[in-house]
Amino acid sequence: MRKFFALLKVSVKSMLLSSSNMGRKNRKKAATGVGVAVLIAFLGLYMSGMYSSLLMSVLAPVHMESLVFIFMGIAALVGGMIFTAFAAKGVVFGGKDNDLLLSMPVSTTALMASRVTAIYLENLVFSFFILVPAGVVCALMTQSGAGRSPLFWARLLIAVLALPLLDTALSVLMGALVAFVSAKLAKGGVIGQNIVMALYLVAVFWFAFNLNGMIEGLAANAMGVKESLSWAAPMLWMADGIMGDWMGLLLFVLSCIVPFALMVYGLGKVYRKAVTAFAARSARSDYKLSAQSASGQKKALLRMELRRLFGIPMYFWNSCIGLIMLVGMGIAALVMRDDLRMFLALMEGAPLMPLAALLMGFCLSMVVIAAPSVSLEGKYLWILKEAPVGERTLLGLKTGFELLFSVPCTVIAGVCLILALELSPLEGAALLLAALLFCGAHAVFGMFIGLTFPKLDAVNETVVVKQSLAVVLGMFVPMGLLGLCALLYWLGGMVNGALAMALPLAALAAFTGACALILGKRGPAMLRSL
């Protein structure tokens with residue numbers, strides 16, 4: 001067992017921390033892991049708290065609380081797969097230390113089990129913050145007494161521990177499929193991953209726009225909906241088990257343990273061959289002689305950034321999801337402006353321009369193109385540093401690369417919101433100016449924080465994009481700036497409307513100028529020291 005726990009420790013670090021090549025202190029590496037766990041917990045708590053309350057308000061009066069756990073179980077299963085399927089591809093099958101660990105006197109099954117357990121722990125965090133809040137909502141809103149006995153919480157805890165086993169088994173199998181496709185057809189694998197993520201995003205938006213109609217249908221025919229979910233039998237067993245059916249809970253636990261054990265044992269037997277085959281395929285390079293067109297330095301660097309953004313699906317979808325939401329929000333507001341105005345009429349006196357600015361800022365906060373840019377260079381950063389391009393020019397291009405995408409999307413969304421909300425010319429100009437200042441602040445701060453907390457030896461791009469401290473700070477610090485701007489607007493509004501608009505704009509301009517000044521002075525030396 002000592003060998004297993006030693007391997008597990010290494011796998012967890014690969015999954016969450018991935019040691020820094022700059023010899024950073026353990027506190028900074030621990031902060032990265034804590035940041036990742038907090039982010040996963042926040043997403044799970046937000047999803048479960050909001051949707052469990054909506055569903056329970058409809059289902060509790062008809063004593064169909066079990067449907068809430070079915071839907072939350074499916075959400076935990078699908079969300080966990082989205083979080084860890086691509087991570088499984090890198091950590092389980094594409095780790096940089098595979099050659100070293102496979103040469104050690106440990107069985108491949110034990111190595112496989114340690115890496116799979118690391119993925120299980122991440123899924124466990126997400127499942128906990130999906131199912132436990134649903135249990136709390138059930139205890140508070142139920143009309144049947146469920147959730148108010150110790151046995152209910154014991155059954156819920158068993159479900160929380162068992163569900164990530166099934167989630168992990170599916171994630172690892174999907175990761176193996178993605179690794180196989182990527183090894184066989186590198187470009188085809190990228191296209192396939194982009195298609196899968198696009199379909200998932202379409203499904204999420206469809207679900208969001210049709211949520212109210214679905215809840216009304218649940219109230220009218222809850223039992224029929226449950227019967228139609230027979231294809232998700234494990235989730236039905238889990239929900240009935242949590243509500244008191246011990247046999248259903250036993251069937252659910254078995255349906256989670258058996259696939260997990262078979263996956264670990266089966267892949268453990270062929271793990272060495274699979275890792276070797278994937279590595280051999282990915283290392284293959286076919287060179288073809290062809291004419292090369294002349295190109296300037298900046299154009300060549302810009303093409304390199306474009307190839308990385310669109311060539312790494314995990315980077316593209318995690319970095320640009322905020323821009324997709326931003327443009328989608330603006331277009332939806334313009335298309336459904338009549339319904340939107342009817343809704344806003346009920347909020348008479350609400351400050352529309354600040355609300356629109358906060359929504360735009362929230363979407364822009366999730367754009368993390370500049371923050372992981374340097375870390376994604378990885379071990380090949382030295383090539384970029386040896387290029388005949390100054391450090392200041394290189395940092396300016398990487399910072400401007402985020403603005404190349406965020407500024408047009410911001411203008412499109414801003415114009416759509418101005419028309420949909422019928423803002424005055426002054427309010428419209430203030431909205432666009434505030435959003436554009438926030439774009440600049442976000443890009444410059446992201447570039448600086450990426451230099452401050454680099455992760456150049458991560459096991460794969462997923463660790464950099466989803467689990468690095470630079471990305472976490474690059475998202476949440478700008479969100480904190482939004483909160484400060486909202487506070488300044490409120491304080492300024494106590495005096496007059498002009499001051500309410502001026503104070504947030506001044507704060508954004510000051511933050512942008514300070515970050516640009518610091519990046520301009522310290523950035524080149526920080527890049528040179530990497």
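The legends below accompany close-up views of a predicted model. Local features need pLDDT of at least 70 and side-chain atom pairs count only at pLDDT 80 or more, whereas totals for chains, interfaces and linings use all residues. Residues are numbered from 1 along each chain as its sequence is written, and side-chain values use heavy atoms, with hydrogens and water left out.

**View 1. The largest nonpolar core and V172.** This core (buried Ala, Val, Leu, Ile, Met, Phe, Trp, Tyr and Cys residues joined through side-chain atoms within 4.5 Å; buried means under 20% relative accessible area with a 1.4 Å probe, protein chains only) has 58 residues, and V172, F252 and M263 have the most contacts inside it. Two or more residues each come from α2 (26-59), α3 (66-91), α5 (108-141), α6 (150-184), α10 (233-242) and α11 (246-283), the helices being DSSP runs of H or I, at least four residues, numbered from the N terminus. The largest share, 12 residues, belongs to α5. Leaving aside residues up to four places away in sequence, V172 touches (heavy atoms within 4.5 Å) A88, F93, M112, V116, I119, M263 and L267.

**View 2. S127 in helix α5.** S127 is buried, its relative accessible area being 0%. Beyond residues up to four places away in sequence, S127 touches A76, V132, V160, L163 and P164.

**View 3. Packing of α14 (residues 337-345) with α17 (residues 391-421).** The axes, lines fitted to C-alpha atoms over the stretch in contact, with angles from 0 to 180 degrees between N-to-C directions, lie 9 Å apart at an angle of about 60°. R337, L340, R341 and L344 of α14 meet L419, A420 and L421 of α17.

Methods: Buried means under 20% relative accessible area, exposed over 50%, partly exposed in between (1.4 Å probe, protein chains only).
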